[in-house]
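Open the model in your viewer and keep the sequence beside it. This tour goes from one selection to the next.

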Amino acid sequence: MNYTFQFGPVFEAWPLLLQGTWMTIQLSFMAMLLGLMVAVVCAWGKTAGPAPLRWLINIYIEVIRNTPFLVQLFFFFFALPAIGVRWSPYTAALFAMVFNLGAYATEIVRAGIESIPKGQIEAGLALNLSRMEVFRFVVLKPALKAIYPALTSQFILLMLASSVVSVISADDLTSVAANLQSETFRSFEIYIVITGIYLLLTLAFSLLFRLVFQWGLNYPDRR
């Protein structure tokens, strides 16, 4: 094996790598935030909504969970423009990621909601709290604590899956790597560096999630 490693061309392109890394972080964070909001609304609809709403939410979940993310991405970027809905690669990628995470996280949040004892809900109502206040303070916060590990694991998977958006020319980290490879032909060096960056991102997100747990959810259970 007479391969000569040349990381110089890769490190010379660090501004592009930094820009792609920031795009990946921004896209992932926004998708996590909006996807969680979708999941909470859909989980509430599945547990307390009327039958037609539950039916629609179930259809949404089954469609997303039983189709590839790549196909969902193509649907937002290539199919919707056929009916006049046009947007940038970044916006299409964001919507695809939000809808994908929302479906998976809905079932996680729903399981957490259903784990809350009914006695706690009845106690909240007995204290003259509104149903929205009961859902927010009595149900949702303890449920999020119970499902936090599963939810954050889904967030990490979403961040890693964001690499797929490079196929629609969204300027994420993987797209930058592909462009550099076509210019320098140093595939091994480029993807070693990209692998390291994704690993660092995963560790950074994991640390952030632990800090969020310590700050907002690390309180003693009261039974």
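**Stop 1: the core**

Select L17 and I194: of the 55 residues in the largest nonpolar core, these two touch the most other members. A nonpolar core is a set of buried Ala, Val, Leu, Ile, Met, Phe, Trp, Tyr and Cys residues joined through side-chain atoms within 4.5 Å. Buried means under 20% relative accessible area, with exposed over 50% and partly exposed in between (1.4 Å probe, protein chains only).

Now colour the helices. α2, α4 (69-79), α5 (89-114), α7 (131-161), α8 and α9 each supply at least two residues of this core. The largest share, 13 residues, comes from α7. Helices (H or I, at least four residues) are DSSP runs, numbered from the N terminus.

A note on the model: it is predicted, so local features need pLDDT of at least 70 and side-chain atom pairs count only at pLDDT 80 or more, while totals for chains, interfaces and linings use all residues. Residues are numbered from 1 along each chain as its sequence is written, and side-chain values use heavy atoms, with hydrogens and water left out.

Go back to L17. Leaving aside residues up to four places away in sequence, L17 touches V10, L173, V176, L180, V193 and I194. Contact means heavy atoms within 4.5 Å.

Next, select Y60, I61, I64 and A103. They are among the six residues of a second, separate core.

**Stop 2: helix α8**

Select residues 173-184, helix α8. Its end C-alpha atoms are 16 Å apart, which agrees with the 16 Å that 12 residues should span at 1.5 Å a residue. The expected span is 1.5 Å times one less than the number of residues.

Which residues of α8 are buried? They are L173, T174, S175, V176, A177 and L180. These buried residues pack against α2 (14-48) and α9 (187-216). Step just past α8 to F185, which takes a positive phi of about 60°.

**Stop 3: the charged network**

The whole structure holds four salt bridges. A salt bridge is a side-chain nitrogen of Lys or Arg within 4 Å of a carboxyl oxygen of Asp or Glu.

Select K46 and E107. Their side chains meet in a salt bridge (3.0 Å, N to O). K46 is in helix α2 and E107 in helix α5, so the pair ties together parts 61 residues apart in sequence. K46 counts as buried at 19% relative accessibility, and E107 counts as buried at 17%.

R110 forms a salt bridge with E107, the closest N and O atoms being 3.2 Å apart. Shared partners join K46, E107, R110 and E114 into one network.
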